[in-house]
Amino acid sequence: MTSYLPQNEGYLQYWLLLLSIVSLGNSIQSYLTTSYTRRIYSAPSTTITPLHARTFGTYTAIAAIIRFYAAYNITDPVVYQLALWTYVVALGHFYSEWLVFRTARWGEGLAGPVVISVGSLGWMLWVWGQYVR
């Protein structure tokens with residue numbers, strides 16, 4: 001079973017793999033229901049339609065695929081940078097929806113993705129030299 005896991009040293013690759021699997025699950029959920037998306041975009045004046053949820057799910061699926069590739073190709077500088085950018089884009093999106101457009105409120109739905117994005121981005125920047133060759 002361990003032969004299917006990424007084979008490089010360190011834990012970042014396993015983290016990226018875990019997040020890619022969780023993100024893919026969130027993406028599928030976004031296609032089936034709007035409930036998860038409503039938890040993030042929870043401002044009283046915000047209307048979440050199935051189209052909004054599916055669009056969010058599509059971005060999340062793309063990010064999951066990139067992170068999956070990064071987990072298995074963590075020493076490739078291009079793949080590593082693409083994975084890093086998925087967190088930058090996610091953070092930019094979440095912060096803008098919270099602070100600029102006011103469609104999201106700070107709370108359980110927004111805190112999780114923001115903490116994961118900040119932590120993952122920081123970790124990837126911190127250990128860059130250990131993986132990128």
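User: Which residues is Ser27 in contact with, leaving aside its neighbours within four places in sequence, and what does contact mean here?

Analyst: Once neighbours within four places in sequence are left aside, Ser27 is in contact with Gly57, Thr58, Thr60 and Ala61, where contact means heavy atoms within 4.5 Å. The model is predicted, with local features needing pLDDT of at least 70 and side-chain atom pairs counting only at pLDDT 80 or more, while totals for chains, interfaces and linings use all residues. Residues are numbered from 1 along each chain as its sequence is written, and side-chain values use heavy atoms, leaving out hydrogens and water.

User: Why is Ser27 called buried?

Analyst: Ser27 belongs to helix α1, residues 12-32, helices being DSSP runs of H or I with at least four residues, numbered from the N terminus, as strands are runs of E with at least two. Its relative accessibility is 4%, and buried means under 20% relative accessible area, with exposed over 50% and partly exposed in between (1.4 Å probe, protein chains only); Ser27 therefore counts as buried.

User: Why does Ser96 count as buried, and what does it touch beyond its neighbours within four places in sequence?

Analyst: Ser96, in helix α4, has 19% relative accessibility and therefore counts as buried. Beyond the neighbours within four places, its contacts are Phe101 and Arg102.

User: Why is Arg102 called exposed, and what is its phi?

Analyst: The relative accessible area of Arg102 is 54%, which means that it is exposed. Arg102 sits in the loop between α4 and α5 (108-126), and has a positive phi of about 60° although it is not a glycine.

User: Why is Phe68 placed in the partly exposed class, and what does it touch?

Analyst: Phe68, in helix α3, has a relative accessible area of 39% and is therefore partly exposed. Not counting residues up to four places away in sequence, Phe68 touches Leu17 and Ser20, and its C-alpha atom is separated by 9.9 Å from that of Trp15, 53 residues apart along the chain.

User: What makes a surface patch of Met1, Tyr4, Ile65, Phe68, Tyr69 and Tyr72?

Analyst: Patches are made of residues with over 30% relative accessible area and no salt bridge, like charges being joined within 9 Å and nonpolar side chains (Val, Leu, Ile, Met, Phe, Trp, Tyr) within 5 Å. A salt bridge is a side-chain nitrogen of Lys or Arg within 4 Å of a carboxyl oxygen of Asp or Glu. These six residues make a nonpolar patch of about 750 Å², and one of them, Tyr69, is found in helix α3 (residues 50-72).

User: How do you know that the span of α3 is close to the expected one?

Analyst: The expected span is 1.5 Å times one less than the number of residues; α3, with 23 residues, reaches 33 Å from its first C-alpha to its last, close to the 33 Å expected. Its buried residues, including Ala53, Phe56 and Arg67, pack against α1, α2 (35-40) and α4 (77-100).

User: What makes a nonpolar core, and which element gives the most to the largest one?

Analyst: A nonpolar core is a set of buried Ala, Val, Leu, Ile, Met, Phe, Trp, Tyr and Cys residues joined through side-chain atoms within 4.5 Å. Of the 28 residues in the largest such core, Leu12, Leu16, Ile40, Tyr41, Tyr80, Phe94 and Met124 touch the most other members. Two or more residues come from each of α1, α2, α3, α4 and α5, and α4 gives the most, with eight residues.

Definitions and conventions. Areas by Shrake-Rupley, 256 points an atom, 1.4 Å probe, with all protein chains shown as cover.
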